[in-house]
Amino acid sequence: MTAAEESRDLLVNVFAWTANVSTSVVTIFVIKALMSVYRFKYATTVSGLHFVCCAWAVWGLERAGIAEQADMPLRSSLLFACVGALSIGTANLSLLLNSVGFYQIAKLLMSPFVAAVEMLWLKKRFPPAVLACIVVVLAGVGIVTVSDVSVQLPGLVMAGLFIVSGGLQQILCGHMQATLKIQSHQLMSNTSFLQGMILMIVGPFVDKLASSKWIMEWEASVPGIEMLGLSCLLAVAVNASQYLVLGRFSATSFQVLGHAKTLLVLIGGWLLFDEEMNPRKVLGMSLAFVGMVGYGVFSLR
């Protein structure tokens, strides 16, 4: 690889990570406003709408000749779409059946699960220093996010499904791009509409369990619809950048460095919504930041 190619590759990596982290954080605040201000508490269904919008966006680029089209085997498309839809549905049901603290623990456990699968299946090797940094990141995020912890058997099963399906979806995202020799937008083109339709069919029932209301009962307003539309636009950017990152980095790197989103959301909540910032959160955030820096340094060696 020439110096010019290395510089270009570095710029693409920086752009991908910056775009994913920034758009993810903004989307979280938009969804938070949509749910708290406009009472749209239908997370699974809106996720389906987001993926359908992603498909439309990519198809539009392909039709205009801006993006190159590539076909995937139907079996691979269905596998990816079903695993992705399952990860979103189980995430929402896990939050419904468990305490917030145990839900956060499940999210943290996805990182070691992804690392273990990459080691056993993809034969990836992690130096001890990198593994230590992962532990430091998880400990820091755990200090910040985990408080009350209670769990029952149905919630434990759902959390397990969430960890497995969420981790596999991220691994498959990079693995399929590599094995099928397709680009990130081509993976989106072949799978997003399928995943979106699955979620939009199943979503209303999951959301009914979570919110005790059908989506048809939402009292829509012009500002609420505008906020919903904004979330769809942002979702296109989030998913496009996420698929790009997972095509260029391991799922473990995405998990570990992705915790930066959690820290930025906490900082944003403190600055914008006057949420509490106590010494425990500062300690946890500092620990997680040190771990992420260390992971980045030791991974490059």
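Rings of Phe, Tyr and Trp (for Trp, the six-membered ring) form a pair if their centres lie within 6.5 Å; planes under 30 degrees apart count as stacked, over 60 as edge-to-face and the rest as tilted. This is a predicted model, in which local features need pLDDT of at least 70 and side-chain atom pairs count only at pLDDT 80 or more, while totals for chains, interfaces and linings use all residues. Residues are numbered from 1 along each chain as its sequence is written, and side-chain values use heavy atoms, with hydrogens and water left out.

**View A. The stacked pair of W17 and F254.** The structure holds 7 aromatic pairs. In the pair of W17 and F254, the ring centres are 6.3 Å apart and the planes are at 25°. W17 belongs to helix α1 (residues 3-36) and F254 to helix α9 (residues 251-273), so the pair ties together parts 237 residues apart in sequence. Helices are DSSP runs (H or I, at least four residues), numbered from the N terminus. W17 has 13% relative accessibility and counts as buried; F254 is buried too, at 6%. Buried means under 20% relative accessible area with a 1.4 Å probe and protein chains only, exposed means over 50%, and partly exposed lies in between. Ring pairs link W17, F249 and F254 into a cluster.

**View B. The edge-to-face pair of F80 and Y243.** The ring centres of F80 and Y243 are 5.9 Å apart and the planes are at 80°, so the pair is edge-to-face. Because F80 lies in helix α3 (residues 74-97) and Y243 in helix α8 (residues 222-248), the pair ties together parts 163 residues apart in sequence. Both F80 and Y243 are buried.

**View C. T252 in helix α9.** T252 is buried, at 1% relative accessibility. Its side chain makes a polar contact of 2.5 Å with the side chain of E118. A polar contact is a pair of N or O atoms within 3.5 Å; within protein, one must be able to donate a hydrogen and the other to accept it, and residues adjacent in sequence count only if both atoms are side-chain atoms. Leaving out residues up to four places away in sequence, T252 touches V114, A115, E118, F126, I134 and Y295, where contact means heavy atoms within 4.5 Å.

Terms used: Helices (H or I, at least four residues) and strands (E, at least two) are DSSP runs, numbered from the N terminus.
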